[in-house]
Amino acid sequence: MKMRRAMRLAAALLLTGCEAAVVAGSTDHEADASRPITRVVKLLEDMSVKAKADAEAEDETFKKFQCYCDKTLDQKTTEIGNLEELVAATQNGIDKLVALQSELQSKESQLEADISAKKDSQSQAVTTRNQTREAFLKEEGEMNNTITGLETAINQLSAAETAPATTDAALLALTNQLKQASASKGFLAPKASAALLSIQQEPSASSVTGVLKNTRDTYISDRKDLQKAEVDGKSAAEKMMATMASEEAGLKVQLSRAQEALSNTISELSTKRDMLDDAKKDLESSKALKETTERSCQEKKKVIEKKKVLRAQEDAAIAKAISVLNSDSAFATFGSAQSTGKSQALAQFGVKVQRHDNRKLASGDHEKVFQLLQKLAHEGHSSRLARVAAFASDNPMDKVLSEISTMKTRIAEEAAADKKQFDWCAKEKTANEQSLQSKSEQVVSLQTSMTELENSIDNPLDGLQVTLDTSQRNLEENQADQAKATEMRKADNADYQKNVANLNEAINLIAQGTNVLKKYYDSIKKELALVQEEPTKVQDSDAPDVDTSAFSGQSEAGAQVLSLLATIQQDTEAEETEAHSAESSAQASYEESMAALVKEEDTLKTTVADTKKAMADTRLELSSKKSQLASAEQEHATVGDYLKDIESSCKFINTNFETREGARTTELAGLERAEGLLGNTPEAQP
């Protein structure tokens, strides 16, 4: 179209030049600068030079633009690949956190159950200790009263030895006291009975005093043993309570840490999910921006290729016009005005627990019971059966039966105490072995968590550091792309302004040329209108026939020239309208691209800030895990040491429990046989 327009312009100018010569009727060349056509030709010459410069500049710009498109699309392809890997890695991290959350919730429930069981054990231990203390105080009080009574009796007898007249009275009083003691149901009755028997058999004051002193010393010794047992029991209970309290505190610490870890896991899971959503949005945005950029590059390339063809046509038209108008030096063809192409849409996306009485045994019965118990005591190495045998040798049947009953009760109590100690040792060992295993698992879990936290920061694929570096790099590229897009938009707009100015000037020149021709041909029309009739013809036949018709000149050709100039002016105005439309479209495309880039920039800034916060939170959690690991390792060592202490303190009961049980079974069997013998004696018959 431009070539045809240029050719029409050249033809119009040629005709205009000839007609002007006829009208003017001059054979010489007037000054070209004063003629409108000369100004048009001069403008065309200047536009031809500029068109060549514009073509070179446009070719250079196209090369840069093509390089930019290739680079941008490569970057977007890499960025999309990185985002797809980030989405996959983040989803994997979320799956791990969900599993960890379930594990921590189960651990939290187990720890709460363990703490409740530990509290129940402490309550039971306190109750048992209080009962033991009450029994001790009762027995110690009885011993103290007995010892005091014995010492009083000893003092009375000692005083009576210096006053013989009072000796019988003192012995009588002492005998009454001992009878009262032996008639009681306490554990002192057997010893009081033995002392009373001795006094009755040897009623002298000195012998009685000796018996009483021996009895007193026995009680004092027994009291010391009882007090020592109480002190040892209290110490063991306190140690056990301290251990249980320490274990409870440790469980509470574990619970607190498990709850903290659960809270952190839930928080991290939320952060990861947010990161996944952001990554997916970034991925979608990057894909959309890549498609937009690719489409824009292709469209721009088509426009530029089309402009190259049009420029080639324009160059051909200009060359032909110059060959036609070779009478004027180096005229350039009109039509070199350049339309502004669409601006490139530059986009870069960076893209969490029997009755008895006081009748004496016959001497034969004494001997049977004594021999039986003595035999069993010797066979079973039982000091208790030996004491009962000695007691049965010279005591009434009811007292012997009472002594046997008391001894059976003591044996049962001892068995219960042994069983309790044996069970406690087994329970403590099991519980602390489990605690040791739990501590080991906790250490491993913490070490695993620390490794995962370190990996979440330093993982070369989806670590926070890589995410931060990538986001910051993409942010810098985004800002550079904005600056580059703005620079290119300004350059395109400047070209558009210049092009429109050239088009306007061309339109003005065409209008001036049109006015010159129209004025000329209008003047011819006026002259023809003044002619009313033809001149008279000469009658002489010899006269030459002269054409006297009115002069019309090249009006028909002039009309054709004016028509061509009007068409050229319409084409030029249409080109100006097209330039305005292209500029508006380019500006809209630029604003759309800039809006996408600004949105991406905001997203990248948010990602950078969120990633920095996530890194700070992760490092803080890692520091906390290190402290927890040190504490867990210390607790593991403490539990291990306590297991060694339990092994040492429980060694005796664990080693001798069955032997002691067997001995007690033998003793009870012997005592029951003795009871059977005593039940068949005549004294036992009603």
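Visitor: What share of the 686 residues in the protein chain is buried?
Guide: Buried residues make up 39% of them, where buried means under 20% relative accessible area, exposed over 50% and partly exposed in between (1.4 Å probe, protein chains only). This is a predicted model, with local features needing pLDDT of at least 70 and side-chain atom pairs pLDDT 80 or more, while totals for chains, interfaces and linings use all residues. Numbering runs from 1 along each chain as its sequence is written, and side-chain values use heavy atoms, leaving out hydrogens and water.

Visitor: Why is Cys-67 called exposed?
Guide: Its relative accessibility is 51%, and the cut-off is over 50%, so Cys-67 counts as exposed.

Visitor: What makes Cys-425 and Cys-650 a disulfide?
Guide: A disulfide is a pair of cysteine sulfur atoms within 2.5 Å, and here S to S is 2.0 Å. The torsion about the S-S bond is about -85 degrees, so this disulfide is left-handed. Cys-425 lies in helix H8 and Cys-650 in the loop between helix H10 (555-649) and H11, so the bond ties together parts 225 residues apart in sequence. Both Cys-425 and Cys-650 are buried.

Visitor: Why is the pair of Phe-422 and Phe-657 called stacked?
Guide: Rings of Phe, Tyr and Trp (its six-membered ring) pair if their centres lie within 6.5 Å; planes under 30 degrees apart count as stacked, over 60 as edge-to-face and the rest as tilted. These centres are 4.4 Å apart with planes at 20 degrees, so stacked it is.

Visitor: Is Phe-657 buried or exposed?
Guide: Buried, because its relative accessible area is 11%. Phe-422, at 26%, is partly exposed.

Notes
Helix = DSSP H or I, 4+ residues; strand = E, 2+ residues; numbered from the N terminus.
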